[in-house]
Structures are given as C-alpha cells and as structure tokens.
Amino acid sequence: MPETAAEVMDTDFPTLRPDTTVQEAARILQQLNDKPGPRVFGLMVTDNENRLVGMFSIYDLLLLARPKHMHIYGEMTDIDFSGLLAKVGRSIRGVLVGDVMSTNLITVTPETHILMIVDLMIKKHVRRIPVLEEGKIVGIVYLSRVFRRLLDHILSE
Amino acid sequence: MQTATYKNVLAGLTVADAMRRQIVRLSASDPISQAIRCTIKFKVNAVLIDTDAQQAVGVVSKTDLMSAYYAGFDLETPLEAIMVGPPTLCRPDAPLDEALKSMQTHGIHRLYVKPDGPHPLNGVLAYPDIVGLLYRFCRRCEKSTTGRKLGTAKEDWAEMLRVREVMTPKLIQAGRDQTLSEVMELLSGHRLGAVLIHDDTGLPLGVVSKTDLIAAYMHGLDPTTVAAADIMKGPPLACEENDLLSETLWVMIYNDVYRMFVYRDRPENMVGVLSLSDAARFRSGSCKACLSSRIQL
C-alpha cells in the first residue's frame, strides 16, 4: 500500500460558499453530524468555480461566538448572565461565512504520505486538510480517518 | 499618610494586570481582506503587523481599514500599504495609570506590551481592558450599587456617578439616505467610532459603526451609492443621562457593545454617547464615591 492521502481522504464532501450565512452553515453541519460517518467540525469554502478559498471550522465559530468583553465577565460574578448563549446565537446567525473563514490554508496532494499529514496536523494544529490535484479539490483528510488508519497499523500482526 | 498615595483605585496595578495576552498578528504582505476577517472574528479594533522574526512593524486599525474603503483600495491590497507604525510600546511592569496617561497624551487607543530584552511583544492594552479592573475595585467600594443591593452601603446616593458626568456630550448623526462615504467622512472628521442614523423626522433609527463599514467593504458595496440605512444596525441601544454609570456599564457589557447613545427625558432627544473608553478614562480615581472613601487595594 502506498500510504498516501488518497487512501484516507473523504471524496464526498459538502462545501460552503463565502456568502453562506452562519445560520445556513450551522444547519449543514447539524445535518452532516446526524448522519453516520466521521463527525464533521469544519467545511471547505469554495468560490463559483469550485476553487478552494477558505475553511470554516468550529474554531472560527467559537471565536465569533465569544463576546468581545468576555475578559470582563470573570469580574462580574455578581451578575446573572442567563440567556446570553441564546442571545449570542441570534446575533451571529446572519454573519457571512466569507467574513470569518480561515484563509491561510494548508493543502496536500493525493500523493502526500500519511505521516507527512500527521506532521502537518501536529505542527499547524489542524484537524482537516483539503486535498488538491492541480488546484482542483479532490478530497479532504479528517484527523479521525488518519487516527483510525494508525490504529489499524498498531493492531495489525 | 497612605491615603494620599492611594487616591486612585488603579494605583499599584501594572500594565500586565490589565493587558490582553492574545495579540492578533498578520504580516505586511497579507491582504486587507484578511485584516477585516480578523477584526470581525477576533473582535479586536486593530491587528499587529509583524515579521517572521516577530518584530512588530506596524498596526492596522479599523480606522485604517475604513480609510482604505473610502479611498477605494482593492481588498487584495497588502496591508503594508495602509499600516501605521511602528506600534507604541510599553513595559509590562509599567504602572497602569502611567500607561493610560500616555495613551491619552498621545491620542492613541492601544499600547503594545514588550518586556525588556530580546523578547517579543506579549500583550496589548486598550481602554476596554481596564473596565474589568474598575468593575472589580468599584464593587469592593462600599458605595457601589452592589453594596446598595446588599444593604451595606451608606445612604449617600447623590455621590453616585451618573451617565451624563462621564459621557461625551457630543452626538454625530446622519440621515438614513446619506451614503457610506458621507458617513465615513463624518466618522473620521470627528474621530468617532459610530454615528446615529435618523429618519426624515429626526427619530433615531439605528447605528452605523466602523465595524459595519468594513463589513460593507468586505461585501463589495459601493460606498458612494449605498445608503446608511442599508447597513445600519438598529434600533440603537440607549440610556437616559441620569442612569447610574455602573448599571449602564453592565448593560453595555451584557449586550457586548462598545457604546450606548444617551438621551434626555425621551429617546428621541439624543444628547451624547457613552463608550467604554469614556468609562475607563474617567477612572475611579476621580469617582466621587472613590475619592471620599479612599479605598485601598
């Protein structure tokens, strides 16, 4: 076996557009996670010609949800903050994916060795890496797939 | 006497006590669009521009991004073209009060924090960062509203700070049909962060902030034709000028806003703006309650 990205990448991947709202992205993420298969916490963002322009992941969403005065909340222990989570949910749903997506992306090719992907995931703190072939998206490698493949090898005779 | 030394609640605190440790960094070759995404996502008013060797070379603030929008820069323009720099620095062990004073004298909104020696920047200090500290110390004060709720405070409420004493008693408004370019001229001319948008009869409808403008930039809206009403957020969050400062601060923090508009008697009669910067600048050293009780850290 050549042990490359091609073996561990998922080729059935939904994508978002930069003008997708956070609300719509949330709906897509929820639907994906209701289905069997790997848990999806991030999606690729593509333009009209299906070129990769960004990634929208759980971390982008967490940053967007975090109130800008969060550091003050620790001081305000005497105050009831109930209802704040619902308020945050309402206030961020109209934001566009293109406004908050990450654009400094790391990509690999189908021929990239799996251990190279392991190295990238460790060094760059990423859990999913798009796979491009001549600039065209052909798949995405999820950390969970790499992990499963590694388990297989640890357990094989 | 010790009380003379402690005339201000921030005495004894250093910059390191108040600074934020997360600095949003970009490189001079990154495009303007990247800086806009960072200000929206990280909810910061400025990003630091540094080199691969972590040497700080400049700052790009929301004001700079707004000016780039006004001037018609392409979103892919490298930040090098619009950055201002190098950043103004202070030391982590500098007295907080001194740092605030220097921000005020230099008319700047943030200081980057750099330890002595060959160490990279490790924090950033802006006015809103101090509000949390003020909250902590003012709450300890027996004259605070919390104290009142607990029934421990003295009955001396005339001394409580009201919004009108701290607010900026100036208000810039724009009509709903004014273009984004016109709104930007108002903002930069008056060095403000947001304008109130009113309808034809003068009723407040909403707010357009620098953040809304740079989002419009990101979305490719033509600032010379798009109207303020198309991007404003509303209705504006407002308070009465005689409301208690401490309670108004709480409303601002709960709603995660940076400013509130202030009216007299009726919401239609807007008279000023209260920002977290106003609250931080008007720090408790000059609070009447604080001066009279001389609380110590």
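In the predicted model, Lys62(B), Thr63(B), Leu65(B), Met66(B) and Tyr69(B) of helix 4 of chain B meet Lys210(B), Thr211(B), Leu213(B), Ile214(B) and Tyr217(B) of helix 10 of chain B. Two residues are in contact if their C-beta atoms, placed from the backbone, lie within 7 Å. The residues of this contact divide into six nonpolar, two polar and two charged. Here Ala, Val, Leu, Ile, Met, Phe, Trp, Tyr, Cys and Pro count as nonpolar, Asp, Glu, Lys and Arg as charged, and the others, Gly among them, as polar.

Residues are numbered from 1 along each chain as its sequence is written, and chains are lettered from A and ligands numbered from 1 in the order in which they are written. Local features need pLDDT of at least 70, side-chain atom pairs count only at pLDDT 80 or more, and totals for chains, interfaces and linings use all residues.

Chain B has 14 helices and 12 strands. Helices (H or I, at least four residues) and strands (E, at least two) are DSSP runs, numbered from the N terminus. Of the 297 residues of chain B, 40% count as buried (20 or more other C-beta atoms within 10 Å of the residue's own, with C-beta atoms placed from the backbone).

Two strands pair if DSSP finds at least two bridges between them. Strand 5 (residues 110–113) of chain B runs antiparallel to strand 6 of chain B, and four bridges join them. Leu111(B) stands opposite Leu125(B) in strand 6 of chain B.

Notes: A residue is buried if 20 or more other C-beta atoms lie within 10 Å of its own, exposed if 12 or fewer, and partly exposed in between; C-beta atoms are placed from the backbone.
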